[in-house]
There are 2 protein chains.
Amino acid sequence: MDKTDLFFMNEALVEAQKALVLNEVPIGAVIVEEGQILARGHNLRETLGDPTAHAEVIAIREAAIKRGGWRLQDMTIYVTLEPCPMCAGAMINARLERLVYGASDPKAGAAGSLMNIVKDQRLNHRLEVTSGLLADQAGELLKHFFQRKRSFQ
Amino acid sequence: MDKTDLFFMNEALVEAQKALVLNEVPIGAVIVEEGQILARGHNLRETLGDPTAHAEVIAIREAAIKRGGWRLQDMTIYVTLEPCPMCAGAMINARLERLVYGASDPKAGAAGSLMNIVKDQRLNHRLEVTSGLLADQAGELLKHFFQRKRSFQ
């Protein structure tokens, strides 16, 4: 495993833990430009009451503000869970160069599991993809969250 | 054609014209709850420098703020162009009940053209869909925009 990728995926896991503290489904993301973190995001769907406030969308919007434009070419997004269709589509729309994700999502994954939006040759952009990085840690966080949630029901 | 649907699609076209005035790709959307427009949006990608600032995402975020939560069940979204994967995914995530769109998008349409995210049985929500409503008007706006753009290049 690439050490640089591991470093940044760890930072995405830090973001996921911030979501966990807020009782949000623990998913985190960071966007990296030239070896530096430009933007960070964690799931805030319940906190903001916003169905689009997934970790990836929050990070993409912050990166675009910081870059001063919507094209995020040459940037890599690290996310702890495989993106859903909305987030995979947002990555295409942002022209991100590369996606690194942790755990696969058999229920809604749109980067290989249910569909593969980020590799679709018919769309006007595609991403390089690396998957499975620190997948166990990302999966444990999610498992812990859902177990805790069930025990309070 | 249903008169109520025509009325609201006309409002979505009004939104698309607002985008045109701003030199944005002219796409507009409105979200309707119990026969009333709850939220409106038009494409602001260039103006905001935000790759997620499509008409639909803007309207969905506004509707969620107004409702005070991310679940937009019982609401219908009217949009002048078939949604891209990001926007179709956002509609699923928002649990919108129904999608009415105008023109089809053979290049990025994710509600029937390239894929059909809003009808995917494997995802945890699906929308009722009506397509082709005032498609000619929506298409003319887009054609006019791209012709004007080319003539200035």
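**Entry 1: a threonine and its surroundings**

I began with T47(A), whose side chain makes a polar contact with the side chain of E24(A) at 2.5 Å. For a polar contact I took a pair of N or O atoms within 3.5 Å; within protein, one must be able to donate a hydrogen and the other to accept it, and residues adjacent in sequence count only if both atoms are side-chain atoms. A note on the source: this is a predicted model, where local features need pLDDT of at least 70, side-chain atom pairs count only at pLDDT 80 or more, and totals for chains, interfaces and linings use all residues. Residues are numbered from 1 along each chain as its sequence is written, chains are lettered from A and ligands numbered from 1 in the order in which they are written, and side-chain values use heavy atoms, with hydrogens and water left out.

I placed T47(A) in helix α2 of chain A, helices being DSSP runs of H or I with at least four residues, numbered from the N terminus. Leaving aside neighbours within four places in sequence, I found T47(A) in contact with L22(A) and E24(A), where contact means heavy atoms within 4.5 Å.

**Entry 2: where the chains meet**

Next I turned to the interface, where 29 residues of chain A are in contact with 29 residues of chain B. The buried area is about 2,500 Å², with carbon and sulfur atoms giving 63%; this is the accessible area (1.4 Å probe) that the two parts lose on being put together, summed over both. On the chain A side, P51(A), R61(A) and W70(A) lose the most area to chain B, together 25% of what that side buries.

I counted two salt bridges between chain A and chain B, each a side-chain nitrogen of Lys or Arg within 4 Å of a carboxyl oxygen of Asp or Glu. R61(A) and D50(B) meet in a salt bridge through their side chains, at 3.0 Å from N to O.

**Entry 3: symmetry**

Last, I laid chain A on chain B: a turn of 180 degrees and a shift of 0.0 Å along the axis give an RMSD of 0.0 Å, by least squares on the C-alpha atoms of residues with pLDDT of at least 70 in both. The two copies are therefore related as by a two-fold rotation axis. In chain A, the C-alpha of M86(A) is nearest the axis, 2.0 Å from it.

Note on methods:
Helix = DSSP H or I, 4+ residues; strand = E, 2+ residues; numbered from the N terminus.
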